[in-house]
Amino acid sequence: MTHTAWDAFWSALPAEPGAALWDSSPELTAARHLPLFRDRADPLLPLVDLGCGNGRQTQWLADHFPRVVGLDIAESAVALAARTHPAPNVAYRRADLLDHGTAAALHTELGDVNVYMRGVLHQLDQDDRVRLLDSIAVLLGASGLLFAQELTEHTGWYVSELLATGAALPKTAGLAAHFGFGARLAPACEGQLRLLFEKRGFEVVADGDIALHTTENSADGRPLQLPTSYLVARSAADARNTAARTTGARNTAPGTPPHA
Ligand SMILES: C[S@@+](CC[C@H](N)C(=O)[O-])C[C@H]1O[C@@H](n2cnc3c(N)ncnc32)[C@H](O)[C@@H]1O
């Protein structure tokens, strides 16, 4: 997905909460993620929400970190986030994190940061995924911690099969048509998300399955949940200094849908 496509997506989307398929409430989202990484993170570091979209999760995270910066490639997303999800300790900025100069400038300004990233990697091609990982390593520096939630190949199969049943899922079908979501790119089949980070020198300290709560209802009237993966990691630089640190086993997070 290009900058232009994301900008068009956010410009066309109604501003109300829940308009995007993934725009679930923070209680179902960031609040369930924080316990998966809080104890390992330095709580005094700023937090960067990479690909913050409309800022709904960013604003919630600002209650838990001293300074939060929401970054997004789309000007329209940043403007929407600033308007709809402000907080005294949050700043939103337009930034393309595929650009390593941008990552380096942010690190010079902010120092090491923790990074929260939800649903950004899967829409990039393979080369850009590696570029983004290198930017994340720069942002983390020696002491930051990454939490990422990502769609996987499993998510793609799940969505494809759901749509093939003819289920009335207009948001899901719309995204599938617009982004190739559910049929095209996904970073990982089982275990591949972890491998992607490890190959780039990250120390993965935890990973597992987790539900992505959507804002679309299934035929039974319950909100659709998608099977996705999460990962908690440190940068290569830190990994070198902490070789003895315990590595986590693959876990299943609370709320994982039965099919995950
Ligand atoms: C699926 S949305 C997720 C939004 C938000 N993380 C959430 O969970 O609500 C992915 C976001 O990543 C942003 N994005 C895509 N490529 C990016 C890049 N190279 N740098 C920064 N943001 C990017 C998009 O504009 C979009 O807002």
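Select helix 6, residues 126-140. Helices here are DSSP runs of H or I with at least four residues, strands are E runs of at least two, and both are numbered from the N terminus. The end C-alpha atoms of helix 6 are 21 Å apart, which agrees with the 21 Å its 15 residues should span at 1.5 Å a residue; the expected span is 1.5 Å times one less than the number of residues. The model is predicted: local features need pLDDT of at least 70, side-chain atom pairs count only at pLDDT 80 or more, and totals for chains, interfaces and linings use all residues. Residues are numbered from 1 along each chain as its sequence is written.

Stay on helix 6 and colour by burial. R129, L132, L133, S135, I136, A137, V138, L139 and L140 are buried (20 or more other C-beta atoms, placed from the backbone, within 10 Å of a residue's own). Helix 6 is followed by G141, where phi is positive, near 60 degrees.

Helix 5 contributes H100, A103, A104, L106 and H107 to the contact, and helix 6 contributes D134, S135, V138 and L139; contact means C-beta atoms, placed from the backbone, within 7 Å. The residues of this contact divide into five nonpolar, three polar and one charged (nonpolar: Ala, Val, Leu, Ile, Met, Phe, Trp, Tyr, Cys and Pro; charged: Asp, Glu, Lys and Arg; polar: the others, Gly among them).

Next, select N54, in the loop between strand 1 (47-50) and helix 3 (56-61). N54 counts as buried because it has 28 C-beta neighbours inside 10 Å. Not counting residues up to four places away in sequence, N54 touches D23, A77, L80, A81, T84 and H85. Draw a distance from N54 to Y92: their C-alpha atoms are separated by 9.8 Å, though they are 38 residues apart along the chain.

Now show the ligand. It is surrounded by 20 residues, of which W6, G51, G53, R118 and G119 are the closest; a residue is near if its C-beta atom, placed from the backbone, lies within 6 Å. The shell around the ligand divides into 11 nonpolar, four polar and five charged residues.

Finally, zoom out to the chain. Its secondary structure comes to 10 helices and eight strands, and 45% of its 260 residues count as buried.

Notes: A residue is buried if 20 or more other C-beta atoms lie within 10 Å of its own, exposed if 12 or fewer, and partly exposed in between; C-beta atoms are placed from the backbone. Two residues are in contact if their C-beta atoms, placed from the backbone, lie within 7 Å.
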